[in-house]
Amino acid sequence: RFGPWEAKCVDYWGTVPDSMFTLYQVITLESWAEAIARPTLVQYPIFAGFFIAFQFLTTFGLLNVVVGVIVESTLAAAR
């Protein structure tokens, strides 16, 4: 119905575990643009905003955790 990209989208997003693994791959930036984003955006262009927001929020969250650990260890060392 949608063409050759439909099978890839179903492979990446077909089930909850597949979707979780796909999002993990996006977080780690492991070939996400070529393997995941392009086929998905060809099939569903509305997901561009989702990918940008997901990358921004997860990167921001991970950086907060890293900075929090550094600050905590610095404060503990200063005591």
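## Close-up views of a predicted model

**View 1. Helix α3 from end to end.** At 1.5 Å a residue, the twelve residues of helix α3 (residues 32-43) should span 16 Å, and its end C-alpha atoms agree, lying 15 Å apart. The expected span is 1.5 Å times one less than the number of residues in the helix. Helices (H or I, at least four residues) and strands (E, at least two) are DSSP runs, numbered from the N terminus. This is a predicted model, in which local features need pLDDT of at least 70, side-chain atom pairs count only at pLDDT 80 or more, and totals for chains, interfaces and linings use all residues. Residues are numbered from 1 along each chain as its sequence is written, while side-chain values use heavy atoms, with hydrogens and water left out. Ala35, Ile36, Ala37, Pro39, Thr40 and Gln43 are the buried residues to look for in α3. Here buried means under 20% relative accessible area, exposed means over 50%, and partly exposed lies in between (1.4 Å probe, protein chains only).

**View 2. The largest nonpolar core.** Seven residues make up this core: Tyr12, Val26, Ala35, Ile36, Ala37, Phe51 and Phe54. A nonpolar core is a set of buried Ala, Val, Leu, Ile, Met, Phe, Trp, Tyr and Cys residues joined through side-chain atoms within 4.5 Å. Helices α3 and α4 (47-78) each supply at least two of the core residues, and α3 gives the most, with three. As background, nonpolar side chains in soluble globular proteins tend to be buried together.

**View 3. Phe51 and its surroundings.** Leaving out residues up to four places away in sequence, Phe51 touches Trp13, Val26, Trp32, Ile36, Ala37, Thr40 and Leu41. Contact means heavy atoms within 4.5 Å. Phe51 is itself buried in α4.

View 4. Phe54 sits in helix α4 and is buried, with a relative accessible area of 16%. Apart from its neighbours within four places in sequence, Phe54 is in contact with Leu23, Val26 and Ile27. Phe54 and Ile27 are 27 residues apart in sequence, yet 8.3 Å apart in space, C-alpha to C-alpha. Gln55, also found in helix α4, counts as buried at 14% relative accessibility. With neighbours within four places again set aside, Gln55 contacts Val26, Ile27, Leu29 and Trp32.

**View 5. Ser19 on helix α2.** Ser19 belongs to helix α2 (residues 16-27). At 18% relative accessibility, Ser19 counts as buried. Beyond residues up to four places away in sequence, Ser19 touches Tyr12 and Trp13.

**View 6. A nonpolar surface patch.** Tyr44, Ile46, Phe47 and Phe50 make a nonpolar surface patch of about 390 Å². Patches are made of residues with over 30% relative accessible area and no salt bridge; like charges are joined within 9 Å, and nonpolar side chains (Val, Leu, Ile, Met, Phe, Trp, Tyr) within 5 Å. A salt bridge is a side-chain nitrogen of Lys or Arg within 4 Å of a carboxyl oxygen of Asp or Glu. Accessible areas come from the Shrake-Rupley method with a 1.4 Å probe, and for residues only the protein chains shown count as cover. Tyr44 lies in the loop between α3 and α4 and is partly exposed at 33% relative accessibility. Phe50 is placed in helix α4 and is partly exposed at 34%.

**View 7. Along helix α4.** The 32 residues of α4 should span 46 Å at 1.5 Å a residue, and its end C-alpha atoms agree, being 46 Å apart. Phe50 and Ser73 are 23 residues apart in sequence and 35 Å apart in space, C-alpha to C-alpha. Leu75, found in α4, is partly exposed, with a relative accessible area of 43%.
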